[in-house]
Amino acid sequence: MLPTDEPLSHLGPSLLLLLQLQLLLPPASAFFPNIWSLLAAPGSITHQDLTEEAALNVTLQLFLEQPPPGRPPLRLEDFLGRTLLADNLFAAYFGPGSPSRRFRAALGEVSRANAAQDFLPTSRNDPDLHFDAERLGQGRTRLVGALGETVVAARALDHTLARQRLGAALHALQDFYSHSNWVEMGKQQPHPHLLWPRQGLRNLAQVGDPTCSDCEELSCPGNLLGFTLLTSGYFGTHPSKPPGKCSHGGHFDQSSSQPPRGGINKDSTSPGFSPHHMLHLQAAKLALLASIQAFSLLRSRLGDRGFSRLLDITPASSLSFVLDTTGSMGEEINAAKIQARHIVEQRRGGPMEPTHYVLVPFHDPGFGPVFTTSDPDSFWQQLNEIHALGGGDEPEMCLSALELALLHTPPLSDIFVFTDASPKDAFLTNRVESLTQERRCRVTFLVTEDPSRVQGRPRREVLSPLRFEPYEAVALASGGEVIFTKDRYIRDVAAIVGDSIADLVTLPLEPPVVVPERPLVFSVDGLLQRVTVRIHGEVSSFWIRNPAGLQTQLLVEVTGLGSRGNPGDPLPHFSHVVLRGVPHGAELGRVPLEPMGPRERGLLAASLPPTLLSTAGPFSLELIGQDGVGQGLHRAAPQPCAVVPVLLELSGPPGFLAPGTKAPLSLRIASFSGPQDLDLRTYVNPSFALTSNLSRVRLEQNESAWGCLWLKVPDTAASDSVVMVTVTATDREASTVPPTHAFLRLLVLGPAPQDQLPAPVHSTDPVLTTTSPAFHLSTLVTPGRAGGGLVSNPWWGTVGAVLLLLGLASW
């Protein structure tokens, strides 16, 4: 399944949609991912819950301490007794209707990186990363190191990498309270020295100290021996459990069957998974307080502006331009300048001012360099210096420049490409498609050449009338569009730049296929504030009429249900989901949605028949419901989804890279439909040496293979720089099957030791926590994916299917 995360809008409720194809319980566990809590241990507090609740608390603290310009300060009492939601926070701080999609997406990155620690082969069985096997000092060192790497990556403006390292740090921090006996020792506050390592950990159990007694039952409330030494449980067989030591415990812990049997983990409310399940809520409370401390620590280290950028605490998007600078592009470049200047002037100082600017020029044979800044004046100065120079023949290096822009543009952003030429580098089409979806960026091409035109600017060869198809493929994959126009209209067409970076919902056509000379019908509901109809091509006239009138689990979370009405008003609700084939729009099926938990939480679920996803082509999703007064609601995802036959998982070392070293990388390839005869190719940016022991693999259905790669970091590698590794799998026998890609970002640091993280100057106490046992936390995020052994069928039991994010983050 390809991720298809695309913003929609403040014009209607937003939601996060998860599609479950196969859920594999992992060979290791900690606080559960959200989906496991729903299926295996209802009522458990998850890693994602803790991460999001902590981030929302510190964000509210920031909002309380930094009143918004031109708006009254927030009052804490306005949030008491209410579930803390991102939409409500943003509406109160930035104004009604201000979207929180970027913040929720950034927080989702942190949460997914947190959950992935239990799945990635480089981290899932490492006791140092989970505070297992009494490796408490080593765990604290790795935890502090991950937080330091978060700061370095954030200061280098690689916020994707920073969020990955932050998620890893929070996972370890939260595991401490579930895997150690800190709670059993009667502690009511987080450990005072985990995040500030100037003082050593004291009272640690030593190798010869017995810590647990034998327990034959699932529930083991009294198996810890009566002493005041700090210990943690052993998991599995590496390292092996010494005599007298505690196990982690639970169904998947092989060490728990060796005396002393049982375990001490508090990961869930289920005795089958957690022998100390009765202390789960106490452990979760301390893990939440500690997570708040970690976020506050980062806020102190990065400052309010840097912290806000780390979590995208803004309703605004970023602005990225990719500009053809050949001699025939004068009008297009001027149009881009005018529109950019308009955006800078109109939104400066307001909540919708772009947070990040990216500019990438290209021609033939060159492209770049990339220019990135957060200063609108610097961006304008750089853009104003670009002029159309030389060249003028077709084609150009457009997709290379677009790929460069995608690597430097924050997720959930819009990228605008101005050109009058087809791509010379069309071989990059599929890789760029995948990168748009990995980055969740929408790409819009403004092309000032009619693709059917015979005459045009000089060409070195006869070009196909289908030469613009790569642009159409990239636009479709990203939820964007290709707009063909003429030079004299480019300034009017460029006005879409200002509209497109605002949040929008997409209304589906009924029927979804455009038929010549037949009306195009779409429904408008009461939650919409403005409707924009964009028509491309030669239009002589138009009119708009208002009629006034494997089992697959689908999880939908609707946010913002109560943020636009008065207290007590009926809430909107959604009844079912429709799946349609792409591009012809044939209905594949519709299934009802059932509420899960309190209605105001907005969590819905559906069971999808396997036949709905048996199609080999892409499909789209539509959500059907009613608002609070019974009027219809209809939302469509702008990006198509696709079921891919191969899953790639690429992971690297948990820490940073150092110049002059060789770093091992791990690659897992899983086949969902077989047989698959795959070629594997690797790319590195910048061009570091990369070797692999796996260049070709043949897999049967549900088989997996693992490969090892070695990345050589040269002595001359720049400190505080980022390396991007891409692996592509191509089916040798099925030419119609698109390649699959995996992306990995790694941080290069110099040899100088990091300075210590200081204690935060801001409060680390929770601003708001709920008092009910279930915490009623804020947003639903994705779990990671489980790994396995050698090329074979997985040896663990299949409970459901692999959970993959569709990420339709705002409907």
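Helix H5 (residues 136–155) comprises 20 residues and spans 29 Å from its first C-alpha to its last, close to the 28 Å expected at 1.5 Å a residue; the expected span is 1.5 Å times one less than the number of residues in the helix. Helices (H or I, at least four residues) and strands (E, at least two) are DSSP runs, numbered from the N terminus. The model is a predicted one, in which local features need pLDDT of at least 70 and side-chain atom pairs count only at pLDDT 80 or more, while totals for chains, interfaces and linings use all residues. Residues are numbered from 1 along each chain as its sequence is written, and side-chain values use heavy atoms, with hydrogens and water left out.

Of the 20 residues of H5, 15 are buried, so the helix is largely enclosed by the rest of the structure. Buried denotes a relative accessible area under 20%, exposed over 50%, and partly exposed in between (1.4 Å probe, protein chains only). H5 is followed by Leu157, which has a positive phi, near 65°.

The largest nonpolar core contains 65 residues, and Leu173, Tyr177, Phe295 and Leu311 have the most contacts inside it. Such a core is a set of buried Ala, Val, Leu, Ile, Met, Phe, Trp, Tyr and Cys residues joined through side-chain atoms within 4.5 Å. Two or more residues are given to this core by each of helix H2 (47–65), helix H3 (86–94), helix H4 (101–116), H5, helix H6 (159–179) and helix H7 (280–310). H7 supplies the largest share, 15 residues. Leaving aside neighbours within four places in sequence, Leu173 is in contact (heavy atoms within 4.5 Å) with Phe131, Leu143, Leu194, Leu195, Ala290, Ser291 and Ala294. Apart from this core lies another, of 29 residues, including Ala663, Leu680, Ala705 and Val727.

Aromatic rings were also examined. Rings of Phe, Tyr and Trp (its six-membered ring) pair if their centres lie within 6.5 Å; planes under 30 degrees apart count as stacked, over 60 as edge-to-face and the rest as tilted. By this rule there are 17 aromatic pairs. Phe321 belongs to strand E2 (residues 319–324) and Phe418 to strand E5 (residues 414–419), so the pair ties together parts that are 97 residues apart in sequence. Phe321 is buried, at 1% relative accessible area, and Phe418 is buried at 0%. The ring centres of Phe468 and Tyr471 are 5.9 Å apart and the planes stand at 50°, so this pair is tilted. Phe468 is buried, with a relative accessible area of 1%, as is Tyr471, with 0%. One aromatic cluster is formed by Phe63, Phe90, Tyr93, Phe94 and Phe103.

Charged groups are also placed over rings, the criterion being NZ of Lys or CZ of Arg within 6 Å of the ring centre and within 35 degrees of the ring normal. The charged end of Lys187 sits over the ring of Trp182, 5.2 Å from its centre, and Arg431 lies over the face of Tyr683, at 4.1 Å from the ring centre.

Gln676, in strand E17 (residues 676–685), is buried with a relative accessible area of 5%. Beyond residues up to four places away in sequence, Gln676 touches Pro645, Val646, Ser671, Val697, Arg698, Leu699 and Asp731. Ser666, in strand E16 (residues 662–671), is buried at 13%.
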